[in-house]
Amino acid sequence: MADQKNVTILGATGAVGQQMMQCLEERDFPVGELRLLASARSAGAIIAWNGRLVRVEEATPDSFAGADIVLGAADNPVAEALLPHAVAAGASVVDKSSAFRLDPDVPLVIPEINPQDVALNQGIIANPNCATIIGLVCVAPLAAAAGVTRIICSTYQAASGAGLPGMEELQTENQAIVEGMPMPKPRAFAYQLAYNLIPQIGGFDGAGYTSEEMKMQNEGRKIMHDPNLRVNCTCVRVPVARSHSESITVELERPLTPAEAREILAAAPGVKVVDDPGTQQYPMPLETTDQDLVYVGRIREDLSAAPGTHGLTFWCCGDQIRKGAATNAVQIAELLLDL
């Protein structure tokens, strides 16, 4: 059994922070002292974890003394302000915000794809974007087998991507519709999400792409060590509580049949193939919620591939809070145990 590590969670009262706690317990991570940090308004709350009662503390630059591993589940401004202090205190940091993902000195890791990059860390390891994780867990095995030069992706991202406020807002809107009550003013999203789709996640750039849409290309290039990877992505917020879905077409360097792709993906870590059109079996958010595998199905040839080129299209779903954030972070922390 690995030596026990003192673990601190920054942003412990949010959806991802709470899920990190659950994942630590489920995966029997060797936690010595568990320290929970949050904003001043949450300080003093008592949270039960694995037979212990842990008091939430206000996060300050001095909160990381004695920590071996810090799991960051806070937004960018908090991560940028506080996590360098954790490194200075001697901790190894795994951060889910986007603050450090594209820093050339910070590894960006999906354990199923590039676990070796953990050894390159200088104190901080970044957790990729949730949609990037869910998509690339399926793309990477195909890239290893046949080379992937281009990805065309549409994401269907659940309310959980906006944390607890997003999930609560969707539930409140659904309840208002059912009860015939006035629709409350949206706060977590720009528009009403219930009975609606919102084709914007993040701010727009000068070319009309959102920040969320650029993450799969920018992060994918770094994770897969492929600076020439081309990605065209459209990100849509959908009225699903939890678990993101993605429609992905990959352009391949070498031909790969759907049957071969199913075999490759069935053997890939972190992936479950659910693909039987005859019995109408395919991945869906309801089935992928609250578990850690990425389900993939609807695997078929890309009929639009130009002559002489090769492509496959597939559909995948994964739990945004777990594999898309908390579980991936805990998996990275497990890799740190072996360094």
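Predicted model: local features only at pLDDT ≥ 70, side-chain atom pairs only at ≥ 80, totals over all residues.
**Helix packing and the open sheet**

Good morning. The axes of helix H3 (residues 130-146) and helix H8 (residues 322-336) cross at roughly 90° and come within 8 Å. Because angles of 65 to 115 degrees count as roughly perpendicular, H3 is described as roughly perpendicular to H8. On the H3 side, the contact is made by Cys130, Ile133 and Val137; H8 contributes Lys323, Gly324 and Asn328. By class, the residues of this contact of H3 with H8 comprise three nonpolar, two polar and one charged.

Seven strands form an open sheet with mixed pairing, and their order is E3-E4-E2-E1-E5-E6-E7. Strand E3 (46-49) and strand E7 (124-126) are the edge strands, each pairing on one side only. From one strand to the next, the twist averages 25°.

Strand E5 (residues 69-72) and strand E6 (residues 92-95) run parallel and are joined by four bridges. Here Leu71 stands opposite Val94 in E6.

Which strands does helix H2 touch as it packs on the sheet? Helix H2 (residues 76-88) touches E1, E5, E6 and E7. The direction of H2 makes about 160° with that of E6.

Finally, helix H1 (residues 15-26) lies across strand E1 (5-10), strand E2 (31-38), E3 and E5. Thank you for your attention.

Terms used:
Residues numbered from 1 in each chain as written. Heavy atoms only, no water. Pairing = 2+ DSSP bridges. Helix = DSSP H or I, 4+ residues; strand = E, 2+ residues; numbered from the N terminus. Axes fitted to C-alpha atoms, helices over the stretch in contact; angles between N-to-C directions. Contact = heavy atoms within 4.5 Å. Parallel < 35°, antiparallel > 145°, perpendicular 65-115°, else oblique. Nonpolar A, V, L, I, M, F, W, Y, C, P; charged D, E, K, R; others polar.
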